Amino acid sequence: MEYVFDNFEVIKKYLNSRQKNYIFLDYDGTLAILHRRPAMNFMTNEMRDLLLVLRDKYFLGIISGRSLENLKIRVGIDDIFYSGNHGLEIEYKDFVFTHPAALQTEKYVKLLTDKLLQKLKNFDVLIEDKKLSFSIHYRGLIESDIKTLHNIFNKTYENFEYKSELTIFYGKDVIESKPNVDWNKGKAIELFLSKFAIENYGTAFLGDDTTDEFGFLELKKYSALCIKVGPTNDSYANFYLNDVEDVYKFLHKIVTEI
């Protein structure tokens, strides 16, 4: 991967060569700095103002592991693409989509979440039931407690009668689930583009965590600009930015210099 600002002319040439550009952004860790609890992750006013300018110059989409309802409230910008639950929910103007498999597995998410709430009640963690998926946030736990938490979670999941209906994956201080279907953030963006994109379009996707890697892998088939935010360990992205502050600088450059 190459650092975005060392290759900005390449990115500029790509965006300038397209009739229309679609910019998709993760929320937590990309637009908002991560804190111990997701409820504390807010965009700055400067970032929100910049997104309004970005929306008017390009096409703007926000795609997140948050529920669609929570994401829309958190971002609070009209006339953009929203996708929640790692791509399982989509809303853009009159187009509303929920992956059918997610609706079928909602009951299993609830069952497993209830079990985990009981098993992990003595841990200082946040267990989110997002209906179509769940998240266990454990940022701030000491290492020994994290190991114990993982052991309890793994045992609970392995003994769960309907575990084949769900897929488990691990992000930054979080354990997450989704329905066991071939669907991710990249496929959600692909679905949107197949319905609404014009010819000769460009795509950029910025994200910082495990679920964004699925998006990068999917979108590289379309020569998209895939930009990892944060540590540059193994990634499917083409480029990287260091942090949320870098994201702001990059978005500012593409609205003022292109």
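**Strands and their pairing**

Tutor: Nine strands form an open sheet in the order 1-13-12-11-2-3-4-5-6, and their pairing is mixed. Its edge strands are strand 1 (2–3) and strand 6 (95–98). The model is a predicted one, in which local features need pLDDT of at least 70 and side-chain atom pairs count only at pLDDT 80 or more, while totals for chains, interfaces and linings use all residues. Residues are numbered from 1 along each chain as its sequence is written, and side-chain values use heavy atoms, with hydrogens and water left out.

Student: How are strands identified, and how many does the chain have?

Tutor: Strands are DSSP runs of E with at least two residues, whereas helices are runs of H or I with at least four, and both are numbered from the N terminus. By this rule the chain has 13 strands and eight helices.

Student: How do you know that strand 2 and strand 3 are paired, and is the sense parallel or antiparallel?

Tutor: Strand 2 (residues 20–25) and strand 3 (residues 59–63) share four bridges, in the parallel sense. Two bridges would be enough, so these strands count as paired.

Student: Which strands pair with strand 10, and over how many bridges?

Tutor: Strand 8 (residues 134–137) pairs with strand 10 in the antiparallel sense over three bridges. Strand 9 (residues 166–171) is also antiparallel to strand 10, over six bridges. V174 in strand 10 is the bridge partner of H137 and also of G171. L166, in turn, stands opposite P179 of strand 10.

Student: Why is strand 10 called mostly covered?

Tutor: Strand 10 (residues 174–179) has six residues, and six of them are buried. A residue is buried under 20% relative accessible area, exposed over 50% and partly exposed in between (1.4 Å probe, protein chains only).

Student: How do you know whether G202 is buried or exposed?

Tutor: Its relative accessibility is 0%, which lies under the limit for burial, and G202 therefore counts as buried. G202 is located in strand 11 (residues 201–207). Leaving aside residues up to four places away in sequence, G202 touches Y14, R18, K20, N21 and Y22; a contact means heavy atoms within 4.5 Å. Between G202 and A224 there are 6.7 Å from C-alpha to C-alpha, and 22 residues in sequence.

Student: What class does E190 belong to, and which residues does E190 touch?

Tutor: E190 has a relative accessible area of 23%, so it is partly exposed. E190 belongs to helix 6 (residues 185–196) and touches E218, K221 and Y222, again not counting residues up to four places away in sequence. Y240 is 22 Å from E190, C-alpha to C-alpha, and 50 residues away in sequence.

Student: How do you know whether the chain agrees with a compact globule?

Tutor: The globule rule is 2.2 Å times the number of residues to the power 0.38, and the radius of gyration is taken over C-alpha atoms. For 258 residues a compact globule would have a radius near 18 Å; the chain has 18 Å, so the two agree. The C-alpha trace spans about 55 × 35 × 30 Å along its principal axes.

Student: How much of the chain is buried, and what share of its contacts joins residues at least 24 apart?

Tutor: Of the 258 residues, 53% count as buried. Among contacts between residues at least 6 apart in sequence, 60% join residues at least 24 apart.
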